[in-house]
Amino acid sequence: LTAQCRALARLLPPESAFSGITVSRLLGWWLPQSAELSPFQVTVPPGCVIRRKGVRAIRRSLGVGDVIEHDGLRLTAGARTLADLAADYSLIDLVVMADSALRLKACSEAELALMASRPGGRGVRTLRRAAELADARSESAMETLTRLVIVLSKLPPPTPQVDLHDELGGWLARGDLLGPDGVTVLEYDGADHNEPARHNADVRRWRLLERHGFKVYPYTALDVFRGSAQMVADYQDALGLPRDPRAVEGWLREFDRSSFARRPLRP
């Protein structure tokens, strides 16, 4: 990808910069489904016309703080990139990329909030919601999605990546997501957790936590994409909240708009 961008850059005006999903790919952010099939995206000066197959051009003047250099390429900076992505992607897709950008320090929460506060522009409402939901502590796209199942269902948000301790203060484990009651732990288990040694270690860890009063709820991709109603019900039960089967509709509405709704799943 970098080599292709370098070749393309030689054909662009010097004030141009790669932007949008191309920046996300170059910087190694977590991506929406099929992002690698997207055309190259570049931002060019107003009035510039680019007619090249597989290249999408946005005409905009870029300020000094809107551009960074990476591997000899001019790229739009992290917050500017997320603002551009907000015009094309769903809220869930954008939060996944924003969590990754924050985690990789491509932008700060303050920079993202400042960009979201600017008036007008396509996708500004999506950007503002994403800025409120994004969290640099997330360690994977699927962990972000697990968290969004809860928060988009308008339930009390869990805290990502929390150190869990026993009654005497001794460290036990690190939890993916800890509920506000301090004992409900939501864990996302990816395909790598199916390897026998890893799975055995997970089970021992869950038992250890449960012996010390924690309630552990492990979930997989199938749960997130097909079983979110049960996840929401589990969380409501764990926190002693009344069962509301309609709560998950907030997540489902946004999920149906996202690229992840088209993710192929193995049985």
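View 1. K105 is exposed, with a relative accessible area of 74%. Exposed stands for over 50% relative accessible area, buried for under 20%, and partly exposed for the range in between (1.4 Å probe, protein chains only). The model is predicted: local features need pLDDT of at least 70, side-chain atom pairs count only at pLDDT 80 or more, and totals for chains, interfaces and linings use all residues. Residues are numbered from 1 along each chain as its sequence is written, and side-chain values use heavy atoms, with hydrogens and water left out. K105 sits in the loop between helix 4 and helix 5. Helices (H or I, at least four residues) and strands (E, at least two) are DSSP runs, numbered from the N terminus. The phi of K105 is near 60 degrees, a positive value in a residue other than glycine.

**View 2. Q161, a buried strand residue with positive phi.** Q161 belongs to strand 6 (residues 159-165). Its phi is positive, about 50 degrees, although Q161 is not a glycine. Q161 is buried, with a relative accessible area of 8%.

View 3. S90 lies between helix 3 (78-86) and helix 4 (91-103). The S90 side chain makes a polar contact with the side chain of D93 (3.0 Å). A polar contact is a pair of N or O atoms within 3.5 Å; within protein, one must be able to donate a hydrogen and the other to accept it, and residues adjacent in sequence count only if both atoms are side-chain atoms. Leaving aside residues up to four places away in sequence, S90 touches T126, R257 and S258. Contact here means heavy atoms within 4.5 Å.

**View 4. Helix 3 and its cover.** Nine of the nine residues of helix 3 are buried, so this helix is largely enclosed by the rest of the structure. Among the buried residues are R80 and D84. The cover includes helix 2 (20-26), strand 2 (40-44), strand 5 (73-76), helix 4, helix 5 (109-116) and helix 6 (124-133).

**View 5. Helix 4 against helix 7.** Helix 4 packs with helix 7 (residues 141-151) at an angle of about 130 degrees, with the axes 9 Å apart. Axes are lines fitted to C-alpha atoms, for helices over the stretch in contact; angles run from 0 to 180 degrees between N-to-C directions. The two helices are therefore oblique to each other. Angles under 35 degrees count as roughly parallel, over 145 as roughly antiparallel, 65 to 115 as roughly perpendicular, and the rest as oblique. The crossing is right-handed. I92, V95, V96 and D99 of helix 4 meet A141, T144, L145, R147 and L148 of helix 7.

**View 6. Helix 4 against helix 6.** The axes of helix 4 and helix 6 come within 9 Å and cross at roughly 50 degrees. That makes helix 4 oblique to helix 6. From helix 4, L91, L94, V95 and D99 take part; from helix 6, T126, L127, R129, A130 and L133.

**View 7. G121 in the loop between helix 5 and helix 6.** G121 is found in this loop. G121 is exposed, with a relative accessible area of 59%. Its C-alpha atom is separated by 40 Å from that of P242, 121 residues apart along the chain.

Note on methods: A crossing is left-handed if the near helix is turned anticlockwise from the far one by less than a right angle, and right-handed if clockwise.
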